[in-house]
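Thanks for making time this morning.

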Amino acid sequence: AASGGAPGASGPDVQLNLADLPRPRAGLWQNTIDDGDGKPATTTSCLSGKTPTMPKMPAGCSQFSIKRTFLGHIVMDMNCATPEFTMVMHSDATGDFQTNMSSDATMTMSMKGGAPHTSKMHSEAHFIGPCAPGQTPDDAGDSNAAG
């Protein structure tokens with residue numbers, strides 16, 4: 001059985017479920033996202049500290065995996081295919097998720113009859129401090145608000 005401790009120095013990747021994902025520390029996080037356009041965007045979000053939620057999978061996305069590498073990286077891969085389009089996404093996230101986290105993602109999409117388009121995104125987030133008193137976390141959702 002896997003333990004919740006630090007990853008070993010070597011070994012195989014470990015398959016994860018959404019519930020196994022690291023939980024970012026509750027509070028304000030500043031996130032800078034760079035998609036390569038030369039204009040990185042910085043946002044500040046109040047996070048609940050709960051397990052991250054994943055959006056509903058689009059039609060045709062039957063292959064989805066989350067793994068923790070032996071170095072502690074969280075790697076997500078998704079493949080989608082319909083008669084109209086294909087999409088392949090790969091994401092690699094690192095950090096302690098208490099003070100900092102970063103990720104790199106690559107997505108390649110092909111529309112029927114069109115050339116593939118690849119986009120890359122890098123994000124860096126760091127913990128700022130507690131959310132404002134009474135502030136509703138941005139990731140609270142409709143029915144499971146933190147509190």
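This is a predicted model: local features need pLDDT of at least 70, side-chain atom pairs count only at pLDDT 80 or more; totals for chains, interfaces and linings use all residues.

Cys61 is buried, with a relative accessible area of 11%, where buried means under 20% relative accessible area, exposed over 50% and partly exposed in between, with a 1.4 Å probe and protein chains only. Its partner is Cys80, and the two are joined by a disulfide with an S to S distance of 1.8 Å, a disulfide being a pair of cysteine sulfur atoms within 2.5 Å. Cys61 sits in the loop between E3 and strand E4 (63–68) while Cys80 sits in strand E5, so that the pair links distant parts of the chain, 19 residues apart. Strands here (E, at least two residues) and helices (H or I, at least four) are DSSP runs, numbered from the N terminus. Cys80 is buried as well, at a relative accessible area of 4%, and the link of Cys61 and Cys80 is right-handed, with 105° about the S-S bond.

Residues are numbered from 1 along each chain as its sequence is written, and side-chain values use heavy atoms, with hydrogens and water left out.

How many disulfides does a search of the whole structure find? There are two, and the other one joins Cys46 to Cys131, S to S 2.0 Å. Because Cys46 lies in strand E3 and Cys131 in the segment after E8, this pair ties together parts that are 85 residues apart in sequence. The link of Cys46 and Cys131 is right-handed, with 110° about the S-S bond, and Cys46 is buried at a relative accessible area of 1%. With the bonded cysteines numbered in sequence order, the pairing reads 1-4, 2-3.

As for the fold, the secondary structure comes to zero helices and eight strands, and buried residues make up 25% of the 147 residues. Among contacts (heavy atoms within 4.5 Å) between residues at least 6 apart in sequence, 50% join residues at least 24 apart.

On a 1 Å grid over the protein atoms alone, a pocket is an open set of points where a 1.4 Å probe fits, with protein on both sides within 12 Å along at least five of seven lines, and lining residues have an atom within 4 Å of a point; the volume is the space filled by probe spheres set on the points, which are joined across faces, edges and corners. Of the 34 lining residues, the closest to the centre are Pro52, Met76, Met101, Ser103 and Ser123.

Finally, the mean pLDDT, the predictor's confidence in each residue from 0 to 100, is 85, and 87% of residues reach 70 or more.
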